[in-house]
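This briefing is meant for a reader who is new to the structure shown below. Please keep the sequence and the model in view while reading the points that follow.

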Amino acid sequence: MAVSLRVNGRTHAVTVEPDTALLFVLRNDLKLNGPKFGCGRGECGACTVIVDGRAVRSCVTAVGDVRDGEIVTLEGLGSRENPHPVQRAFIEEQAAQCGYCIPGMIMRAQALLEKNPSPSDAEIRKHLSPNLCRCGTQVRILRAVHRAAREMKGGR
C-alpha cells in the first residue's frame, strides 16, 4: 500500500503496510539514522520523534496512524553546520557518553521546549523520564535542556 508521510518538511511516498512501525520506514526507507532501534517495545525512548508537536516512540507507532501528521526527526532539527539550539546545547554540555539515547532525549527535550520554554528541573525530569539513559549523563542532559531553553529565548 502506498503511504504518504510528511517528514522533516518533505513529503515522501512509501509502499508499506499501514501497521508497519514508523521507525522501520524512517530508517530503512527514508535512510534517517536519528531515531535508534533500542528495545523495539516502546520502553527505552531511543526511537523518539516528534509528531505534530508530541514526542512519540516510533518503534510502536504505526505508519498508518501518523500519515496525516508532521513528523520531525533529529535530522529535521538542524545540521552539522547549523545545529538546532537543543542539539548545540547537548554538544556544549557534553550530555552524551555512549550517545545511543541522545537522539531520543533531544527530540523529547525539543517537544517539551515547544510547549514550555522555561521548564523547571522537575518538569524536565518528568518529561524526559520515559527515555532511558544507562550511562549516567542525566545531570548534563538537565543542564543541556536549560541551556537550550535560554538560547531559544535569546539568551546565552
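How do the residues of the lining of the second largest pocket divide into nonpolar, polar and charged? They divide into seven nonpolar, three polar and one charged; here Ala, Val, Leu, Ile, Met, Phe, Trp, Tyr, Cys and Pro count as nonpolar, Asp, Glu, Lys and Arg as charged, and the others, Gly among them, as polar.

This is a predicted model, in which local features need pLDDT of at least 70 and side-chain atom pairs count only at pLDDT 80 or more, while totals for chains, interfaces and linings use all residues. Residues are numbered from 1 along each chain as its sequence is written, and side-chain values use heavy atoms, with hydrogens and water left out.

**Pockets**

- A pocket is defined on a 1 Å grid over the protein atoms alone, as an open set of points where a 1.4 Å probe fits, with protein on both sides within 12 Å along at least five of seven lines; lining residues have an atom within 4 Å of a point.
- Grid points are joined across faces, edges and corners, and a volume is the space filled by probe spheres set on the points.
- The largest pocket holds about 330 Å³ of space, and the second largest pocket has a volume of about 190 Å³.
- Sixteen residues line the largest pocket, and Leu-74, Pro-83, Gln-87, Ile-91 and Ile-106 lie nearest its centre.
- Helices α3, α4 and α5 each supply at least two residues of that lining; the terms helix (H or I, at least four residues) and strand (E, at least two) refer to DSSP runs, numbered from the N terminus.
- By class, the lining of the largest pocket has nine nonpolar, five polar and two charged residues.
- The lining of the second largest pocket includes Met-105, Arg-125, Leu-128, Cys-133 and Ile-141.
- α7 gives the most to the lining of the second largest pocket, with four residues.

- Helix α4 spans residues 85-92, and its buried residues are Pro-85, Val-86, Gln-87, Ala-89 and Phe-90; buried means under 20% relative accessible area, exposed over 50%, and partly exposed in between (1.4 Å probe, protein chains only).
- The cover over these buried residues includes α3 (74-77), α5 (102-115) and α7 (138-152).
- Gln-87 has a relative accessible area of 11%. Leaving aside neighbours within four places in sequence, Gln-87 is in contact (heavy atoms within 4.5 Å) with Leu-74, Leu-77, Gly-78, Ser-79 and Ile-106.
- Phe-90 touches Ala-95, Ile-102, Met-105, Ile-106, Ala-109, Ile-141, Ala-144 and Val-145, not counting residues up to four places away in sequence.
- Just after α4, Gln-94 takes a positive phi of about 50 degrees.

**Nonpolar cores**

- A nonpolar core is a set of buried Ala, Val, Leu, Ile, Met, Phe, Trp, Tyr and Cys residues joined through side-chain atoms within 4.5 Å.
- The largest nonpolar core has 25 residues, of which Val-86, Phe-90, Met-105, Ile-106, Leu-128, Ile-141 and Val-145 touch the most other members.
- Two or more residues of this core come from each of α3, α4, α5, α6 (121-128) and α7, and the largest share, eight residues, comes from α5.
- A second, separate core of 16 residues includes Val-14, Leu-22, Leu-26 and Ile-71.

**Cysteines**

- A disulfide is a pair of cysteine sulfur atoms within 2.5 Å, and by this rule the count is zero.
- Cys-39 is in no disulfide, and the nearest cysteine sulfur, that of Cys-44, is 3.9 Å away. Cys-39 is partly exposed, at a relative accessible area of 28%.
- Cys-133 counts as buried at 11% relative accessibility. The closest cysteine sulfur to that of Cys-133 is in Cys-101, at 3.9 Å, which is too far for a bond.

- Asp-29 belongs to helix α1 (residues 22-29) and is partly exposed, with a relative accessible area of 42%.
- The C-alpha atoms of Asp-29 and Ala-13 are separated by 9.7 Å, although the two are 16 residues apart along the chain.
- Lys-31, in the loop between α1 and β3 (48-51), has a positive phi near 60 degrees. At 60% relative accessibility, Lys-31 counts as exposed.
- Asp-52 lies in the loop between β3 and β4 (54-57) and has a positive phi of about 50 degrees although it is not a glycine. Asp-52 is exposed, with a relative accessible area of 52%.
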